[in-house]
Amino acid sequence: MSGQTVCGSDMRTPWRDFLRTETGSATFLLAAVVAALVWANTGPGSYEAFWGTHLSIELGSRGVSLDLREWVNNGLMTLFFFVVGLEARREFDMGELRDRRRVTLPLVVGIAGMLVPVAVYLAVNSGHASVHGWGAAMSTDTAFALGMLALLGKRLPAGLRVFILTITVVDDFVALGVIAVAYSDTIEVAALLVALGIFGVILLVRAAGVRRGPVYALLSIATWTALLKSGVDPVVTGLAVGLLTYAYPAARSDLENASGLFRLFREQPTPELERSVRQGLASTISPNERLQRMYHPWTSYVIVPLFALANTGIPIGTTQLSEAASSPVTLGILLGFVLGKPVAVLGASWLAVRVSRGRLRLPVGWGATAAGGTIAGTGFTVSLLIATLAFTGDQLDDAKIGILAAVVCSFALTWAVSAVIGLLPRRMQLRALLGAAERIVDLAAPVDEERDHIRGRPDAPVTMVEYGDFECPYCGQAEPVIRALLADFGDVRYVWRHLPLPDVHPRAQLAAEASEAAAAQGAFWRMHDLLLERQDALKPADLVRHAAEIGLDVPRFERDLRKRTGAGRVAEDVESADLSGVSGTPSFFINGVRHHGAYDIAHLSAAVRTARQRAAVRRT
């Protein structure tokens, strides 16, 4: 049960889609690594010959000529960093980081999580020629890190995913700066100025409100080409353009406008109206969300695995492994990730909380933070990218072995940390996992016991708010689930708020006002239950029959319905829904936090249990 009436759309969100795609792609990434190792060890000559094949694209007398590995590393990986930029911007505009105070801690931890591993690498490689490869030991891989969290399942809290993702975004942003400054060839100033000029044009086009994708695509390709010619790694283009792309929730007014356009097209299917419908639908969804849905599956399931296939193929035998075991490159990368990352994440978190005197708080408990530190030791994509820029020959093979070994060791350490947490007494385990930080409240209008319609104990530690529409079939499906939930949990109170969607449910507004007319006679919940049970009987005559059935003063009910005495109350609920970013029904909030996902008994029960656990931790 995950349907929703949103003047059209479903319950999926960009954030949940991002996690689902990223964690699922870890399997493809792992398969690509195995395939590359098998290929390189069974046919090393063919592996290098294939990826060394040159491919040229020319336009007149000018063009770009790179081998296939360079096309993957410098070309396709630009799209990967573009998606990273999109997600970072979405988090700033709509996610956890929209509260700017929450940016500071992951920013500090992310920077420390790069500096400490680099320091470890430099200490191990001091006095060796390999010291210049320090950049390969600093960046966490998003796909493997989130894939690791998915494999560990319920052992670790969901809040850790947001924390890890924010750290990896900081990693990627700083790493690209390092690539541009420390690992780029001799800089061609003229080409670099051209690239900056074209990027300036992108900023001007964006400021002018142009929404044409091909315009930005052509300008981005031109910027990428100029950066490539300048000697600066051109993947920076992807991150920069991604960070410029707005993210915003679909407004209910825009959705209603799109519904109206579609009805007009249904009545008069002309090419002009078809174009208007497409533009109207496109305007309801932010460019950020549209681009993520378009490119993220490609980067996760094709580009990053292809990158792994092109770069992880190294001959592995007893000789190579024994040499790598004593190589400062391998040891520096391995210790940087496995030792430096956990120490940095825990140490920086502790210092930030201590120095801020509690103003900065971890989004999870210290046990989960420790697991986050070991997960952060999973370096792959950016580390391999920097390794290919910093090393050649045997040193490059040693670096790849160190990176792959760090992935294995990080998973083992994370599993061990989660296992230790699982052995703790229940109360200590909850505090270690959840901590005491307050979550961002999404519900704009707090529950008011004097005005809201409430079922359950007034002092219940868990409050579930539903924005619903009496004609919405999904709300009807959710009703028995809510009843079962209230029966199973005695410490939950349930609040109904109106969100009639008249553009798709023409009788919803009148039904909402009928429930308020019943509320004036102390019978809101009886009318509420009857309306959801008989969603096909919401005409005025039906509503009057319902009023008589539940024993209301029918003349008074009819008078209130004619005078629309409940319309103001319904409008207040609709306004609070708009302020909370709600555009469809049913939409649930649990202790003020928006519930994204299915609303069957299993999913809602899990969300309630989590909220109850957090409330218990705060009370202690």
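In the predicted model, strand 4 (residues 462-468) and strand 5 (residues 492-498) run parallel and are joined by seven bridges. One of the paired positions is Gly468, whose bridge partner in strand 5 is His498.

These two strands belong to an open sheet of five strands, arranged in the order 3-5-4-6-7 with mixed pairing. The edges of the sheet are formed by strand 3 (453-455) and strand 7 (593-595); each has a single partner strand, so one side of each lacks a neighbour in the sheet. On average, neighbouring strands of the sheet are turned by 25° against each other, direction ignored. In general, the strands of a sheet pair through backbone hydrogen bonds, and the pairing is either parallel or antiparallel.

Helix 19 (residues 473-488) lies across strand 3, strand 4, strand 5 and strand 6 (587-590). Relative to strand 4, helix 19 runs at about 165°.

A contact between two helices was also examined. The axes of helix 20 (residues 508-519) and helix 23 (residues 554-563) come within 9 Å and cross at roughly 135°. The two helices are therefore oblique to each other, since an angle over 145 degrees would be needed to count as roughly antiparallel. The crossing of helix 20 and helix 23 is right-handed. Helix 20 contributes Leu510, Glu513, Ala514, Ala517 and Ala518 to the contact, while helix 23 contributes Phe557, Asp560 and Leu561. Sorted by class, the contact of helix 20 with helix 23 comprises six nonpolar and two charged residues, with no polar ones.

Technical notes: Residues numbered from 1 in each chain as written. Predicted model: local features only at pLDDT ≥ 70, side-chain atom pairs only at ≥ 80, totals over all residues. Heavy atoms only, no water. Axes fitted to C-alpha atoms, helices over the stretch in contact; angles between N-to-C directions. Helix = DSSP H or I, 4+ residues; strand = E, 2+ residues; numbered from the N terminus. Parallel < 35°, antiparallel > 145°, perpendicular 65-115°, else oblique. Left-handed = near helix turned anticlockwise from the far one by under 90°. Contact = heavy atoms within 4.5 Å. Nonpolar A, V, L, I, M, F, W, Y, C, P; charged D, E, K, R; others polar. Pairing = 2+ DSSP bridges.
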